[in-house]
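Me: I would like to go through this model term by term. For each label, tell me what it rests on.

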Amino acid sequence: MLIYVIEDDESIRDLIKIALEGNGFDVCAFETAEEGLAKIEKDKPSLAILDIMLPGISGIEALRLLRNSKSKALKRLSVIMLTVKDSERDKISALDTGADDYITKPFSILELMARVRALIRRTEETKKAENEIKLGTITIKVDSREVFADGELVALTFKEYELLLYLIKNENRVISRDELLREIWGYDYTGETRTIDIHVRTTRQKLKQAGSYIKTIRGMGYKASEDSV
């Protein structure tokens with residue numbers, strides 16, 4: 001796992017780098033934000049430790065550039081800001097700009113490592129939650145496009161998968177057949193709405209007992225729900 005350290009104080013920068021590497025992390029250390037930003041899109045680190053008071057572009061401005069980046073990876077990069085002791089303004093500015101955490105100088109390496117590990121753990125849990133969409137005993141793993149019902153892998157066709165994913169993402173909302181045709185089959189689809197009913201039926205059959213989560217709302221369409229009705 002790669003961590004960026006951007007700190008103009010050489011002694012602090014080296015201390016952080018040695019501590020991180022001693023805990024098994026890969027580290028790239030920079031004196032200025034400009035140096036780090038020039039390589040960050042290519043390297044795509046998992047976390048950045050960023051000092052606020054930097055020569056040239058400040059840490060706050062560098063963080064703002066990351067949060068406004070067109071790159072999803074950079075926009076969501078986990079960032080710990082280093083702030084001067086007792087500067088409430090720096091802390092508020094860092095958090096308002098999008099920092100995930102901050103630590104004030106002087107700090108202990110043990111505290112820094114604890115914060116790094118905690119942030120990495122939260123980030124991994126968030127990524128896992130985003131990759132898994134659940135409804136009752138149905139689990140969809142978005143990255144791999146796998147569907148599990150009652151713990152068993154279910155083989156769905158492309159359209160069955162897209163249909164189920166759309167319904168579960170819109171849990172408890174009644175979705176018309178026209179909306180499903182538009183969102184799953186596309187605006188240029190010229191077939192009839194009956195194709196929705198056929199795909200819903202085959203999807204329910206493949207899900208077995210979990211197929212009961214897909215409800216038919218008479219005269220309106222379908223919804224995904226754990227409710228009994």
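Me: Which helix gives the most to the lining of the largest pocket?

Reply: Helix 6 does, with nine residues. Before going on: this is a predicted model, in which local features need pLDDT of at least 70 and side-chain atom pairs count only at pLDDT 80 or more, while totals for chains, interfaces and linings use all residues. Residues are numbered from 1 along each chain as its sequence is written, and side-chain values use heavy atoms, with hydrogens and water left out.

Me: What makes a residue part of the lining of the largest pocket, and which residues are closest to its centre?

Reply: On a 1 Å grid over the protein atoms alone, a pocket is an open set of points with protein on both sides within 12 Å along at least five of seven lines, and a lining residue has an atom within 4 Å of a point. The lining has 21 residues, and R76, L77, S78, T123 and K127 are the closest to the centre. Helix 4 (72-75) and helix 6 (109-131) are the elements that give two or more residues to this lining; helices (H or I, at least four residues) and strands (E, at least two) are DSSP runs, numbered from the N terminus. The pocket's volume is about 510 Å³, a volume being the space filled by probe spheres set on the points, with grid points joined across faces, edges and corners.

Me: How does the lining of the largest pocket divide by class?

Reply: Seven residues are nonpolar, five polar and nine charged. Here Ala, Val, Leu, Ile, Met, Phe, Trp, Tyr, Cys and Pro count as nonpolar, Asp, Glu, Lys and Arg as charged, and the others, Gly among them, as polar.

Me: What makes the other space, lined by I6, L37, I40, A48, L50, A62, L66 and V79, a cavity?

Reply: A cavity is a set of points where a 1.4 Å probe fits but cannot get out. The search of the whole structure finds one cavity of 30 Å³ or more, and about 40 Å³ of space lies in the largest cavity. Its lining has eight nonpolar residues, no polar and no charged.

Me: Why is P55 called partly exposed?

Reply: P55 has a relative accessible area of 37%. Buried means under 20%, exposed over 50% and partly exposed in between (1.4 Å probe, protein chains only), so the label for P55 is partly exposed. P55 lies in the loop between strand 3 (47-51) and helix 3, and touches D8, E31, T32 and E34, not counting residues up to four places away in sequence; contact means heavy atoms within 4.5 Å.

Me: How do you know that the buried residues of helix 5 line one face?

Reply: D90, A94 and T97 are buried in helix 5 (residues 88-97). Seen down the helix axis, the buried residues fall within an arc of 75°, so they line one face; the arc is that of the directions from the axis to the C-beta atoms. On the other side, E88, R89 and D96 are exposed. The buried residues pack against helix 3 (59-67) and strand 4 (78-83).

Me: What makes the largest nonpolar core a core, and which members touch the most others?

Reply: A nonpolar core is a set of buried Ala, Val, Leu, Ile, Met, Phe, Trp, Tyr and Cys residues joined through side-chain atoms within 4.5 Å. The largest has 28 residues, of which I138, I140, V147, L164 and L207 touch the most other members. Helix 7 gives the largest share, seven residues.
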